[in-house]
Amino acid sequence: MKKSYLSETVQSIQPSGIRKFFDLAATMEGVISLGVGEPDFVTAWNVREASIMSLEQGLTSYTANAGLISLRKELSHYLYKRFHIDYSPEEELIITVGGSQALDLAFRAILNSGDEVIIPEPCFVAYGALTTLAGGVPVYLSTTAEKDFKADSADLRTKLTPKTKAILLCSPSNPTGSVYSKEEFEDIAQFAKEHDLLIITDEIYAELTYDEAFTSVAAIQDMKERTILISGFSKGFAMTGWRLGYVAAPPVLRDAMLKIHQYSMMCAPAMAQYAAEEALKNGLEDVEKMKKSYRRRRNLFVGSLNELGLTCHQPNGAFYAFPSIKSTGMTSEQFAEELLLSEKVAVVPGNVFGPSGEGHIRCSYASSLDHLQESLSRIQRFLQARQVKEEASAILK
Ligand code: PLP
């Protein structure tokens, strides 16, 4: 088949670098994977049961394009209660197929050909590709471990051009676990207002912050009108396979996204929407329990990485540690590949999340304590073996 059949835009984007390692890991036995970005919990029983009930009742038809109004009302209530943001269920919310589709809608609704989106990196792998697919140009902004992998208005200013349309923010962040404070968001908000920019804020890990309360960009004064809020049920509610997310935005933006959603998706799966409604009504205690468990694991895992000499800033949210492996002298890819081949621990090389991720690896600590302990022992053995090898070759030189 000729490549020329394919759209040039599709040819210009790369498949996600995360998959490569998992395809390799899948061929090996006894691998502990710290690679996957999903909770290790099964969706709560009452949530599963609500979905089963909907099927038993024969609720199997299309829902409204924007999603069940009962779910949107529940969601509006939840967003207000949890994050102090006030969205109209009728006019400002769309239930989507995961946060992934919500992101796609946001880019496609606002970008003209050549419009630029500033994206602080290292970042979730989909942002750049989705920007390109929507005809826009991703403009990556490097961040550093010293600044907790966060951008401020001075950093953003360095990437500002007449073509800049929007800034993409992700807090808590995949892959770094960093969380922006209210003050940090206020600084960026001021910049966005000054230059009349939109903010696309990916808040899919909003339920999972450990040291400070979460602030939504949309809750900052005067920001709701220029913010597209992306979120969903995958992470906080342990519902990745249900494929359910949402987007919240002022009516003009929301209506534009709804047009795309209407033609490309029709609506999100009905049985998943019934489940999500139950999750919002009666699932927050379970979210709290999962969060406590992640916090315990974070403390153990991040503390141990630092003890092993893999310097790791304290991730305040999500369930990822993003330690530096620079002390080993290896590249991220080398480290991940050798660790997998010699000790059967799968991690994600940091460079797949952008050039500033080089010298780091992403480890998900949404894994059992036993697995985390075992993976730490294996990493320790790996580092010791490497050191012995280096010392031996230094003597032989
Ligand atoms: N945003 C971020 C930062 C993510 O890490 C992910 C998934 O890994 C998503 C969005 C997409 O989530 P989903 O489509 O499962 O809702």
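## Basis of the description

This is a predicted model, in which local features need pLDDT of at least 70 and side-chain atom pairs count only at pLDDT 80 or more, while totals for chains, interfaces and linings use all residues. Residues are numbered from 1 along each chain as its sequence is written, and side-chain values use heavy atoms, with hydrogens and water left out. Helices (H or I, at least four residues) and strands (E, at least two) are DSSP runs, numbered from the N terminus.

## The mixed sheet

An open sheet is formed by 7 strands in the order S2-S8-S7-S6-S5-S3-S4, with mixed pairing; two strands count as paired if DSSP finds at least two bridges between them. Strand S2 (93-96) and S4 stand at the edges with a single partner strand each, so one side of each has no neighbour in the sheet. Neighbouring strands of this sheet are turned against each other by 20° on average, direction ignored, where axes are lines fitted to C-alpha atoms, for helices over the stretch in contact, and angles run from 0 to 180 degrees between N-to-C directions.

S2 and strand S8 (residues 245-248) run antiparallel and are joined by 4 bridges, and within S8 it is glycine 245 that is the bridge partner of threonine 96. Helix H9 (residues 251-264) packs on the sheet, where it touches S2, S6, strand S7 (227-232) and S8, and its direction makes about 30° with that of S2.

## Helix H6

Of the 8 residues of helix H6 (residues 126-133), 6 are buried, so the helix is largely enclosed by the rest of the structure; buried means under 20% relative accessible area, exposed over 50%, and partly exposed in between (1.4 Å probe, protein chains only). The buried residues are Ala126, Tyr127, Gly128, Leu130, Thr131 and Thr132. They pack against helix H1 (8-12), helix H5 (98-110), strand S3 (116-121), strand S4 (137-142), strand S5 (164-170) and strand S6 (198-202), contact meaning heavy atoms within 4.5 Å.

## Strand S12

Strand S12 (residues 361-364) is covered on both faces, with Ile361 and Cys363 buried on one side and Arg362 and Ser364 buried on the other. In a regular strand the side chains alternate between the two faces of the sheet.

S12 pairs in the antiparallel sense with strand S9 (residues 320-321) over 2 bridges, and alanine 321 stands opposite cysteine 363. Strand S11 (residues 348-349) also runs antiparallel to S12, joined by 2 bridges, and here proline 349 stands opposite isoleucine 361.
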